[in-house]
Structures are given as structure tokens and as C-alpha cells.
Amino acid sequence: MTHPLRFGIWAAVHGSRASHHDPDEPDDASWDRNRALVLEAEALGFDAVLVAQHTANPYDDGRDQLEAWTASAALAALTRRIEIIAAIKPGLYHPVVLAKMALQIEHIAQGRFALNLVNAWNRAEFERAGLPFPAHDARYAYGSEWIGLVDRLMRGERVTHAGPHFQVSDYQLRPAGSFRPRPTIYLGGESEPARALAASQADVWFINGQPLAEVAALIADVARRPVANAPLRYGLSAFVIARETDAEAQDEHARLLALADRDAALRADTRARTDTASVMFAKTDAAASRHVGTNGGTAAGLVGSYDTVASRIRAFHAAGIELFMLQFQPFETEMRRFAVEVLPRVR
């Protein structure tokens with residue numbers, strides 16, 4: 001394939017990804033844990049880290065939650081090679097302020113920073129703070145204007161803009177362009193407005209974990225559209241369970257499914273606060289009894305022997321996936337196993 005094969009991890013911003021009741025993994029979202037996790041991921045050869053953005057823990061606001069942008073700035077100073085991708089919800093930051101923050105982290109990271117535009121699903125995060133939470137398609141219209149401004153400001157352009165949501169007059173940010181034209185723009189979401197926005201604004205489109213045929217169909221749909229930042233690249237979220245044999249991996253999957261059942265009350269509360277138009281949750285709710293992990297999790301099928309998982313990764317890569325953004329549990333132990341057993345098989 002012409003696109004490189006890359007692997008990233010999800011930072012443990014709100015603790016465990018599969019279950020909050022795993023005796024083998026503390027439900028730890030602390031800065032200390034995340035710093036150590038990302039530094040080890042870099043040393044093991046992972047290429048990127050995604051720092052999801054939530055102001056409060058989206059599953060249980062009594063639990064800890066890492067702040068994405070301050071943590072990303074710190075990680076930029078501590079790391080040397082790994083790409084740092086900070087998620088951003090446009091409704092929480094004015095584009096001028098956010099563009100300035102992005103340029104500063106880009107400067108600290110010396111050209112390794114990216115932002116991941118997500119148009120939000122957790123209604124309570126906004127409404128409890130007295131912030132507007134428009135309907136699904138209206139959020140994407142807002143996000144389109146927002147990212148268009150951020151893109152131009154990150155490029156160092158002098159911007160004057162009058163739109164339905166923002167009025168900006170003669171604004172220019174410095175320093176800009178020190179390492180490349182601007183930080184990379186990722187975009188998540190699979191609805192029709194999300195696909196249109198990915199084609200018109202993004203460098204990389206993130207797809208939630210799901211079977212190969214569904215991923216290939218999504219890529220084919222977006223690839224048919226005119227894209228602004230050609231070639232548009234593609235990333236996939238996935239939860240990995242890799243073992244010596246397929247049977248051992250399925251046994252571990254069953255163990256995590258049983259543990260995840262104990263989170264049923266948390267999941268129900270989360271669904272009650274979720275925008276019902278969210279494609280991600282419509283898919284993952286339907287599959288909740290069969291998969292573990294967030295953003296599709298094991299629905300991507302990276303469960304099996306080391307050779308099986310490597311083969312499935314190669315198949316996704318052939319379909320167009322460049323970046324695999326991975327989850328594990330227990331995270332550190334399974335991340336090391338993946339680096340030792342699977343990475344050499346696909347590289």
C-alpha cells in the first residue's frame with residue numbers, strides 16, 4: 001500500500017476501556033499513569049496517542065477524568081517522536097483561542113501535534129454547564145464553520161470572517177508554520193454530515209471499530225467525494241485481545257464481557273445522557289452484548305492469535321486504514337504483548 005501502517009493508543013483519560021471492575025487493572029485516570037503510559041508506548045514503537053476530551057468523566061462523574069489539552073501540552077514536552085492527537089469539541093472553545101493553543105502545542109512538540117474534531121455526544125457535559133447543545137446536524141454545521149476558521153488561523157493567515165456563528169476581524173496568530181503548514185486535522189463521526197465534513201476539512205478520518213466489510217464501505221463512500229486535503233487518510237479504533245491461540249483470545253474476550261456486564265448501570269446512565277442521533281452509539285448499543293471497549297471496541301475483530309490479529313490488520317490496511325488507534329486491558333500489560341508479538345508480524 002502507498003499509505004504507511006501506523007499504530008497508536010488511546011490514553012487512559014477516564015481509566016479502563018473494557019470494564020471498571022477488572023481486578024487486573026486499576027481504574028486509574030491520573031496524570032502520572034498517563035505520562036508513564038505514553039512514554040512507554042513511544043519507547044515500544046507506537047506512533048501516536050489519542051487524548052480524548054471530556055470535562056467530567058462521561059460514564060461516572062464521581063470518577064477522575066484527565067484534561068486533554070493541558071495533558072497534551074505536557075506530553076509534547078516529554079516525548080520526542082510520538083504524534084500527540086488531542087480531541088476537541090468545538091462548543092467548548094472559541095476557534096481563535098483553540099487555534100492559538102494548538103499552535104503552541106505544535107511548537108512544543110516540534111511538528112508532532114494534531115487535533116481530532118469531535119462534535120460531541122454527551123448532552124449533559126454541555127447542558128449542566130449552561131452551554132448550548134444544538135441538534136446533531138446543527139452541531140456539524142457549527143463545527144464546519146469552526147474548523148474552517150481554526151484551519152486558516154493555524155496556517156498563520158490574517159483572518160476576517162463573518163458567519164452565522166463567528167465574527168472575526170483582522171486576526172493573525174504567531175508563531176505559525178515553523179515545522180509544516182499547520183497541525184494535522186483528524187475528524188471522528190460516521191453520520192452523513194460527518195462524512196461530508198471529513199471530505200471537506202480533514203486530513204484523516206477516524207472510523208469506529210467494526211467489521212472489515214463495513215469499514216471498506218465507509219471508506220469507499222468518502223473516497224468518492226471531492227476532498228480538500230487530498231489524499232484523505234483513514235484511521236480505525238479497535239480493542240485488541242491477542243494470545244498464542246484463537247481459543248485463548250476468545251476465553252479472554254469472554255472474561256472481559258462478563259466483567260463489562262457489571263458496568264450495566266453505568267452504560268444505562270451514559271445512554272440516558274447521549275444524543276440519540278449519534279451513529280457511534282446506535283451501532284455500539286446494538287453490539288453491546290457481544291463486544292467490549294469504547295468506540296466499537298472488539299467489533300473490529302482484532303481478537304485472536306497473534307497471527308490472526310496480524311492478518312486482520314493487514315486486511316484493514318489493504319482496505320485503506322493507515323492508523324490503528326488501539327485499546328487494551330489491562331492496558332500496559334497488553335500493550336507490551338502487542339508490541340512484542342504482533343508489531344513484528346505486521347512490520
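Colleague: Happy to look at this with you. Which residues of H3 are buried?

Modeller: The buried residues of H3 are Pro95, Val96, Leu98, Ala99, Ala102, Leu103, Ile105, Glu106 and Ala109. Do keep in mind that this is a predicted model.

Colleague: What makes a residue count as buried?

Modeller: Its relative accessible area has to be under 20%. Among the elements covering the buried residues of H3 are H2, strand E3 (83-88), strand E4 (113-117), helix H5 (136-154) and strand E6 (167-171).

Colleague: How does the reach of H3 compare with the span expected at 1.5 Å a residue?

Modeller: Helix H3 covers residues 95-109, which is 15 residues. From first C-alpha to last it reaches 21 Å, close to the expected 21 Å. Just after H3, glutamine 110 has a positive phi of about 55 degrees.

Colleague: Thanks! Now to its neighbour. Why is H2 called roughly parallel to H3?

Modeller: The two helices pack at an angle of about 20 degrees, with axes 8 Å apart. Angles under 35 degrees count as roughly parallel, so H2 is roughly parallel to H3. Their crossing is left-handed.

Colleague: Which residues of H2 and H3 meet?

Modeller: Trp69, Ser72, Ala73, Ala76 and Ala77 of H2 meet Leu98, Met101, Ala102, Ile105, Ile108 and Ala109 of H3. Sorted by class, this contact of H2 with H3 has 10 nonpolar residues, one polar and no charged.

Colleague: And what angle do H1 and H2 make?

Modeller: Helix H1 (residues 31-44) packs against helix H2 (residues 68-78) at about 40 degrees, their axes being 11 Å apart. H1 is therefore oblique to H2. The roughly parallel class needs an angle under 35 degrees, and the roughly perpendicular one runs from 65 to 115. H1 passes H2 in a right-handed crossing.

Colleague: Where do H1 and H2 meet?

Modeller: On H1, Trp31, Arg35, Val38 and Leu39 take part, and they meet Ala71, Ala74, Leu75 and Leu78 in H2. The contact of H1 with H2 has seven nonpolar residues, no polar and one charged.

Colleague: One more pair, then. How do you know that H1 and H12 are roughly parallel?

Modeller: H1 and helix H12 (residues 331-341) pack at about 5 degrees, with axes 11 Å apart. With the cut-off at under 35 degrees, H1 and H12 are therefore roughly parallel to each other. Arg33, Leu37, Glu40, Ala41 and Leu44 of H1 make the contact with Phe331, Glu332, Met335, Arg336 and Ala339 of H12. By class, the residues of the contact of H1 with H12 are six nonpolar, no polar and four charged.

Definitions and conventions: Residues are numbered from 1 along each chain as its sequence is written. This is a predicted model: local features need pLDDT of at least 70, side-chain atom pairs count only at pLDDT 80 or more; totals for chains, interfaces and linings use all residues. Side-chain values use heavy atoms; hydrogens and water are left out. Axes are lines fitted to C-alpha atoms, for helices over the stretch in contact, and angles run from 0 to 180 degrees between N-to-C directions. Helices (H or I, at least four residues) and strands (E, at least two) are DSSP runs, numbered from the N terminus. Angles under 35 degrees count as roughly parallel, over 145 as roughly antiparallel, 65 to 115 as roughly perpendicular and the rest as oblique. A crossing is left-handed if the near helix is turned anticlockwise from the far one by less than a right angle, and right-handed if clockwise. Contact means heavy atoms within 4.5 Å. Ala, Val, Leu, Ile, Met, Phe, Trp, Tyr, Cys and Pro count as nonpolar, Asp, Glu, Lys and Arg as charged, and the others, Gly among them, as polar. The expected span of a helix is 1.5 Å times one less than its number of residues. Buried means under 20% relative accessible area, exposed over 50%, partly exposed in between (1.4 Å probe, protein chains only).
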